[in-house]
Amino acid sequence: MEYLVYGKTGLEISRLCFGAGHLNHTCDSYESGGQLMLKALDEGITFWDTAEGYGSQPHLGEAVCQIRREEVVIQTKTSAKDYKGAAASIKKALRELQSEYLDVLLLHGISSPEDLATREREGALDAFREAKAAGEVHSIGCSTHIYTGPVMDAVIHHPEIDVILTTANKEGRMLEGGPFARHLEYIQRAYELGKGISIMKVIVAGKIPEADRPEWIEWGFDLETAHAINLGITDYPHITLDVGLARASARKRLIQRKAA
Ligand SMILES: NC(=O)c1ccc[n+]([C@@H]2O[C@H](COP(=O)([O-])OP(=O)(O)OC[C@H]3O[C@@H](n4cnc5c(N)ncnc54)[C@H](OP(=O)(O)O)[C@@H]3O)[C@@H](O)[C@H]2O)c1
């Protein structure tokens, strides 16, 4: 497994990120979800992504209370669009994750430049700032779901957004708002500015046929400008496949660096 620094956040993450967005589909209890997270940690996946809206923060919390907190980096999100909602969401995340702090907190699903600039989102950011000052949040960012073009422009140039979770896959599927080649340029620009970059939809939310998935996942690991490859793991065979591909990529990148 490769470990690297998540842009200017300074946080050390595993390149393979456990995306817990689909965990509810296969884990019918918090305990079984927690067991899956602990297995992922055993295999070296130290970067975990969740959100209030996924309902999987309690699953992660089940694992967190059985380990040392600093063993993992947890990124969560809130869709709250005002101060009050975001402040409540932060408290809920801390409680459900059984943690005294959140490593990364994202505004969930920025859908337009206007969305980012609303007075309400500014209120949510106020709650983020307060939590950061209180030591409850380490780093701040946003996810952009499937949007590129003006949305990427807006989030890249926001001075307080240090992390971007965006869509990227082998054929640029699911992207809206601009061409794929241009999206890769946006990602590169964000990376060069020191933003922490995570990519999602790498296997198009599971729509890629099973036989082709390794190739699509490898494409993700080959993207030099992505710090983290976020895969929506839901069971043990996914961990085996994804960790195998992450390790192969780490070996390849090490050889390339030595040769350079
Ligand atoms: N706006 C946002 O912030 C946002 C939006 C979407 C996702 N996310 C994050 O990104 C993560 C990834 O979600 P995604 O929508 O981008 O999906 P994805 O990773 O492209 O695909 C995940 C789906 O693929 C299937 N799958 C098959 N083989 C797999 C393997 N080896 N590893 C992982 N999954 C495999 C799983 O479905 P089966 O269970 O049916 O096999 C899973 O539900 C989510 O978990 C979440 O953390 C964030």
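Okay, let's start with a pair of helices: α9 passes α10 in a right-handed crossing, where right-handed means that the near helix is turned clockwise from the far one by less than a right angle. Helices here are DSSP runs of H or I with at least four residues, strands are runs of E with at least two, and both are numbered from the N terminus.

Before I go on, this is a predicted model, so local features need pLDDT of at least 70, side-chain atom pairs count only at pLDDT 80 or more, and totals for chains, interfaces and linings use all residues. Residues are numbered from 1 along each chain as its sequence is written.

Who touches whom? In α9, Pro214, Ile217, Glu218 and Phe221 meet Leu241, Asp242, Leu245, Ala246 and Ser249 of α10, with contact meaning C-beta atoms, placed from the backbone, within 7 Å. That contact divides into 6 nonpolar, 1 polar and 2 charged residues; Ala, Val, Leu, Ile, Met, Phe, Trp, Tyr, Cys and Pro count as nonpolar, Asp, Glu, Lys and Arg as charged, and the others, Gly among them, as polar.

Now the barrel. It's closed by 8 strands, in the order β3-β4-β5-β6-β7-β8-β9-β10, with parallel pairing; a pair needs at least two DSSP bridges. Take β5 (73–78) and β6 (102–107), which pair over 4 bridges. There, Thr76 stands opposite Leu105 in β6.

Last, the ligand. It's surrounded by 29 residues, and the closest are Gly19, Gly21, Ser143, Gly206 and Gly232; near means a C-beta atom, placed from the backbone, within 6 Å. And α10 is back: it gives the most to that shell, with 3 residues.

Note on methods: Two residues are in contact if their C-beta atoms, placed from the backbone, lie within 7 Å.
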